[in-house]
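User: I am new to this structure. Please take a close look at its salt bridges, and then at a few spots around them.

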Amino acid sequence: MEAKQQQQQQQQQQQHFLVVAYPNQGLINPARVLAERLAASSCAVTFSTAISAHRRMFPSLPSPDHPVHLAGISFAPYSDGFDAGFRWFVDDLAELNARVAELGPRTLGAVLDSLAARGRPVTRVVYTMALPWVADVARSRGLPAALFWVQPAAVLALYYHYNSSSAHYDRLIAESSAAATVEFPGLPGFEIRELPSVLTNTSDETSRVILQILREAFDTLESESKEKTTPPPTKVLVNTFEALEREALETVRGRCGIDAVAVGPLIKGGAGGDLFEAAEERRYMEWLDAQAEGSVVYVSFGSLAVMKGRQMEEMRAGLRLLGRPYLWVVRRNNREEGERVGLKWDEEEEEQESAGGMGMVVEWCEQVKVLSHRAVGCFVTHCGWNSTLEGVACGVPAVAAPQIVEQHTNAALLEKRFGTGVRAEMDAEGVLLRDELRRCVDFVMRDEGIRARAEMWREKAREAVEQGGSSDRELRRFVEEAKQQQQQHFLVVAHPNQGLINPARVLAERLTASSCGVTFSTAVSAHRRMFPSLPSPDHPVHLAGISFVPYSDGFDAGFRLFVDDFAELYARAAELGPRTLGAVLDSLAARGRPVTRVVYTMAVPWVADVARRRGLPAALFWVQPAAVLALHYHYNRSSDHYDRLIAESSAAATVEFPGLPGFEIRDLPSVLTNTSDETSRVILQILREAFETLESESKESTTPPPRTKVLVNTFEALEREALETVRGRCGIDAVAVGPLIKGGAGGDLFEAAEERRYMEWLDAQAERSVVYVSFGSLAVMKGRQMEEMRAGLRLLGRPYLWVVRRNNREEGERVGLEWDEEEEEEESAGGGMGMVVEWCEQVKVLSHRAVGCFVTHCGWNSTLEGVACGVPAVAAPQMAEQQTNAALLEKRFGTGVRAETDAEGVLLRDEFRRCVDFVMRDEGIRARAQMWREKAREAVEEGGSSDRALRLFVETDSKISPSI
């Protein structure tokens, strides 16, 4: 089972392109060749076109939408609402466009979901012209998308400029003759008759629909460019090559701001995948074998246009006038047009003609094979870009007879820029007459200059696509950049406690700012308190670029610390959490957003096992100081030794840990000094399992570096020595990414007081005059402590802001304290004494100019917030690592003092007053507090130590072993 999950994860981490093609042969052909090139670059590729085209490509399928796997490419169709097929120039194109824009996103979305559910999530989408809605589908799923432009770069630039100034060009075109020249920035002038027909014939309904599709496509490109902050130009793959359209490509990249990736010529080489039934290949190839070199005129007008009956008549007459062997492709619908003017398609007659040396007529053929044959000396073409490029790549001189859309521009390029043919003149009805056909064919087959240029371009086209050629390099660069830019998707898993949720959420925000996808997951109980207005407790939320999707730990109604059984919580979460968090991972993958890395806070070590079983790299997020990480590491390795030392020594005795300064026993985490407590025993067990996992992962790792990465909420300047100990003696690659300070409102598990009330009160106080008191989100203070705290605050004679959570108020009431809101209001307004609130935005308060002292329980979040805001502190630690934090604050950072407590651990009113008076008057403490505030700011600003460390963590390609 684990092997299967790891295999699925490897598939998830492979680049997987979804190439989406419009259901037209002219777009399917180059898109399919592009898919083959991507597959040859070791990418997974799925090719998707509409069901109508899919069933014609693979006519023997058991059902029209049956998937196919062929030559390393999967073919999975979507529905555009025309599953039976769309008849060009018969059915309503506007209706097709509207129906596919409505239905396509759902059915293509189903293709994406199906691939993700099979462990093959798409990482990048490439879509052809005429499908601008595909970009929206990709964007809605957080997938990068690139347009595949199957026309020349010159036409891309031309449409771009037209879209930017359509009213100007419409007026120019309307007021000028067909031979007049129109200028587009960065392009040579084009005669109006050389412009795409959708610009010169805007009264036609089909032209209007195509223009609207193009407008949507350019609007999408423009909006994508605006949304990006780094690197900006939108990538567009173009079926051309550098040597052929160097100037046009420079214009697209420069004036248009589009990163044009020239990947052509993308030439369909093999049989199969056509929407038309080809004649028996052997018949026409053997016929070609019998003809003299360079003698045959090959005629084909593509897969789309239906030729007028008169044109069919003139073409047949002209071919017979030539006196040269010809191979003429006449699709079934064009044969029908010919029959309307009396043409007969007699197979016996054709056989006799071909045998007698005149010509052969076929319904379809493998065009590149024909053009590559030594016998073919001229290509009479409608000048669709695929056919134009194929003629260029095969070195065949051409006669251009453009019909619709950009074919007129292609013909101009072929004649005037590439110099490989001539454009035939048409009569007033757009018909190429027999005499003009003969004139043009005779000219191109005799002109040595045209033949020489055709040979030159054939060589340049071959050079472009061979290994190391310009188009080969460009496509490889696109794939490599796609691999590098493949969005990391972090799942940040937080224990359902405010003290772990806050820094984990800030970490998630920083990862999002590094262009990573981020999903934040905590237990349902915390999720519903963070977002209390949800329709259901486990309803997902998307906010500021982060998805919030909870897991269940078995306590969905909430866990009451110090009331409910902590051992039961841990056991139930370790049993249920892997299943429910696994369901979160599966759900994200099914929506096309597979997780690539897991980061998890302390107290949920089972998350590492979930990640390991799925082959996902995982990293612990340590939300306590680096010194405490090193201390727990050493204790875990020699617990018997330290237990004996602690048991045999006084509270003031010093204990040494390798690489750390000595700590008094009273400065150690309470879980080490009070091991008789049940909660302490459970926490120690969690830490023991965690460090054992860390050690085993380091031993199992075969790829250097073997050390496990652990993100630590600290910064280099604050804990340089402790970080060096963690990295050196402990062998842990500690990534200092702090201080991760919660700045904005929202996401708290407690209901805050009206912010305006306490902030306006602070505004009215003198600078550095207010004593701010808060003992965090977890501990419940004894009733005596509440009584002493209130008395101490009133003794101070200073304004104060005191956070008293509801459960702490209840403790105070047990010893007779009353919390009279009117009395508090009177105190804050009149007597200048203080204000009591149930909760507040702590960083906003600490950042206020009026706050001069922070009385804190010394949880690490609060300690770091005080350091980052430059506020001197009085430390009154209660439990866990708070004693160690207090020692660091007083002895290492020098930004405050630790208050002494009585035998019951209560901070008495006189000691409280003494400590507050001391820190608010001591200039050295205030100066050090200001120094650390600056160093904290420098660490997290762009280029600072923590900013660099987090970016390196995100960008590193090395696997991060699942850890503690």
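Analyst: Start with one definition: a residue is buried under 20% relative accessible area, exposed over 50%, and partly exposed in between. R951 has 33% relative accessibility, so R951 counts as partly exposed. Keep in mind that this is a predicted model.

R951 has a partner. D947 forms a salt bridge with R951, and their closest N and O atoms are 3.2 Å apart. Both residues lie in helix α39, which covers residues 945-955. They sit 4 residues apart, about one turn of the helix. D947 has a relative accessible area of 15%, so D947 is buried. Salt bridges can also share partners. One network joined in this way holds K235, E242, R253, D259, E474, R477 and E481.

How many salt bridges does the structure hold? The count is 51. Two more of them deserve a look.

Take D427 and R310. Their side chains meet in a salt bridge, with 3.1 Å from N to O. This pair links distant parts of the chain, 117 residues apart. D427 is in the loop between β16 (421-423) and α18 (434-446). R310 is in helix α12, residues 309-322. D427 has 23% relative accessibility, so D427 counts as partly exposed. R310, at 32%, also counts as partly exposed.

Next come K891 and E664. Their side chains meet in a salt bridge at 3.5 Å, N to O. K891 lies in helix α36 (residues 882-893) and E664 in strand β24 (residues 663-664), so the pair ties together parts that are 227 residues apart in sequence. K891 is partly exposed, at a relative accessible area of 41%. E664 is partly exposed as well, at 21%.

T654 belongs to strand β23, residues 654-655. Setting aside residues up to four places away in sequence, T654 touches G662, F663 and E664. From T654 to L668 there are 14 residues in sequence and 9.9 Å in space, C-alpha to C-alpha.

A880 is found in the loop between β31 (873-875) and α36. Phi of A880 is near 50 degrees, a positive value in a residue other than glycine. A880 has 25% relative accessibility, so A880 counts as partly exposed. S42 has a positive phi too, near 65 degrees, and is likewise not a glycine. S42 is in the loop between α2 (25-40) and β2 (44-49). Is S42 buried or exposed? At 54% relative accessibility, S42 counts as exposed.

Loops also hold cis peptide bonds. The bond from G264 to P265 is cis, with omega near 0 degrees. P265 is in the loop between β10 (258-262) and α11 (281-289). The bond from G738 to P739 is cis too, again with omega near 0 degrees. P739 is in the loop between β26 (733-736) and α30 (755-763).

Last, a helix pair. Helix α31 (residues 783-796) packs against helix α37 (residues 909-921) at an angle of about 45 degrees, and their axes are 8 Å apart. The two helices are therefore oblique to each other. The crossing of α31 past α37 is right-handed. On α31 the contact is made by E788, M789, A791, G792, L793, L795 and L796. On α37 it is made by R909, D910, F912, R913, V916 and D917. The residues of this contact divide into 7 nonpolar, 1 polar and 5 charged.

Terms used
Residues numbered from 1 in each chain as written. Predicted model: local features only at pLDDT ≥ 70, side-chain atom pairs only at ≥ 80, totals over all residues. Heavy atoms only, no water. Axes fitted to C-alpha atoms, helices over the stretch in contact; angles between N-to-C directions. Parallel < 35°, antiparallel > 145°, perpendicular 65-115°, else oblique. Left-handed = near helix turned anticlockwise from the far one by under 90°. Contact = heavy atoms within 4.5 Å. Nonpolar A, V, L, I, M, F, W, Y, C, P; charged D, E, K, R; others polar. Salt bridge = Lys/Arg side-chain N within 4 Å of Asp/Glu carboxyl O. Buried < 20%, exposed > 50% of the residue type's maximum accessible area, 1.4 Å probe, protein only.
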